[in-house]
Amino acid sequence: MNKKLLLALPLLAFLVLAGILFSRLGSNPQELPSARLGKPLPSFQLHALLAPNQVLTNADLPKQPFLLNVWASWCPSCAEEHQALMALSKEQQVVIVGVNYKDEPAAAQAFLTKHGGNPYQQIIADVDGNLGLDLGVYGAPETYIVDQQGHIRYRLAGVVAPEVWQQQLWPCYQAVLQQRESAACQF
Amino acid sequence: MSVLSRLTQVLSVLLLVLATQAWAAIDVYQFKTPEEEARFQSLISELRCPKCQNQNLAGSDAGIAHDLKTRTYQLMKEGKSDNEIRQYMIDRYGEFITYKPAVKSSTWLLWFGPFVLLVLVAVILIWRHRQQPTVTAPLNPEEQARLAALLKRTD
């Protein structure tokens, strides 16, 4: 009996490993969990993209839950999600603050014009990418859900497509609006 | 040798030499001492490029790798220690960014798993070896003769 049990061990180990690997099928190996979850947004002092004489700091951020969207004119996926962001902002009254990441102001403004408007309440011109680095940004686009206290509750490294909003962001955003904790959020 | 074949020869050598040149963008950082440069190289070798699939900062051309290399250099210039720089990166990008994750409860399996597995295999092997039946007593001359006769028959 003991021997049978021992012989079954390799099979058991295989099944456990197969189970673990199967559960990871389909998930993107490039996705990193954010190290900033639950932490306040980093402090910054940067110019506003559309008003270059204006300096924005954390005090200028909305005092309500909002989306922080990291985008740039050189990022093709950002063009893809622009429509979705416009719809969220204009039709669903979602407050979106943009971080224009490592971009040229002229190119950024041309991007907005070209794609049909500005979904952002404000746009922070993170020309050198310092704010991005403090956030742990490793590519564009990225979208963060920030709660009333200014803490990061969700980080999406990818495009805000309608399905992504429905299945990933909205459940957390809803909880954040209601000021409650939720398993739908990453923190 | 004809002109054409000589030309082909020269051209081939030239192409081979050119093929060894890498035209990747090279980040240039100034260091005061070789020790400082060695320290920088060591740091960017142990930090992972967050966007790449298993490349360190030293070996990556990605934009984010360049940014993190520059930031590492800046932090060194500011007088930060190696540990402070590592912690700076981990605070922003998580444990994933270092090729030497900290030894804590969440990484025990990673650090000790292989040794545990090795010990387990060794234990199983020793146990199996003990389980084998001991050598039987040698045959007496009568039995030896019988054995020889039997073996002859099966030839």
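Colleague: How many positive and how many negative side chains does chain A have, and how far apart do the centres of the two sets lie?

Modeller: By convention, Lys and Arg count as positive and Asp and Glu as negative, while His and the chain ends are not counted. Each charge is placed at NZ of Lys, CZ of Arg, CG of Asp or CD of Glu. Chain A has 12 positive and 14 negative side chains, with 14 Å between the two centres. This is a predicted model, in which local features need pLDDT of at least 70 and side-chain atom pairs count only at pLDDT 80 or more, whereas totals for chains, interfaces and linings use all residues. Residues are numbered from 1 along each chain as its sequence is written, chains are lettered from A and ligands numbered from 1 in the order in which they are written, and side-chain values use heavy atoms, without hydrogens and water.

Colleague: In what order do the elements of chain A run from the N terminus?

Modeller: Helices (H or I, at least four residues) and strands (E, at least two) are DSSP runs numbered from the N terminus. Chain A has 5 helices and 7 strands, in the order α-β-β-β-α-β-α-β-α-β-β-α. Its radius of gyration is 20 Å, well over the 16 Å of the globule rule for 187 residues, so chain A is more spread out than a compact globule. That radius is taken over C-alpha atoms, and the rule is 2.2 Å times the number of residues to the power 0.38. The C-alpha atoms fill a box of roughly 80 × 35 × 30 Å along the principal axes.

Colleague: Is Asn100(A) buried or exposed?

Modeller: Buried means under 20% relative accessible area, exposed over 50%, and partly exposed in between (1.4 Å probe, protein chains only). Asn100(A) counts as buried because its relative accessibility is 2%. Asn100(A) belongs to strand E4, residues 96-101. With contact meaning heavy atoms within 4.5 Å, the residues touched by Asn100(A) beyond four places in sequence include Leu49(A), Trp71(A) and Ile123(A).

Colleague: Which backbone nitrogen does the side chain of Asp147(A) reach at 2.9 Å?

Modeller: A polar contact is a pair of N or O atoms within 3.5 Å; within protein, one must be able to donate a hydrogen and the other to accept it, and residues adjacent in sequence count only if both atoms are side-chain atoms. The Asp147(A) side chain reaches the backbone nitrogen of Gln149(A) at 2.9 Å, and the backbone nitrogen of His151(A) also lies 2.9 Å from a polar atom of that side chain. Asp147(A) sits in the loop between strand E6 (142-146) and strand E7 (152-157).
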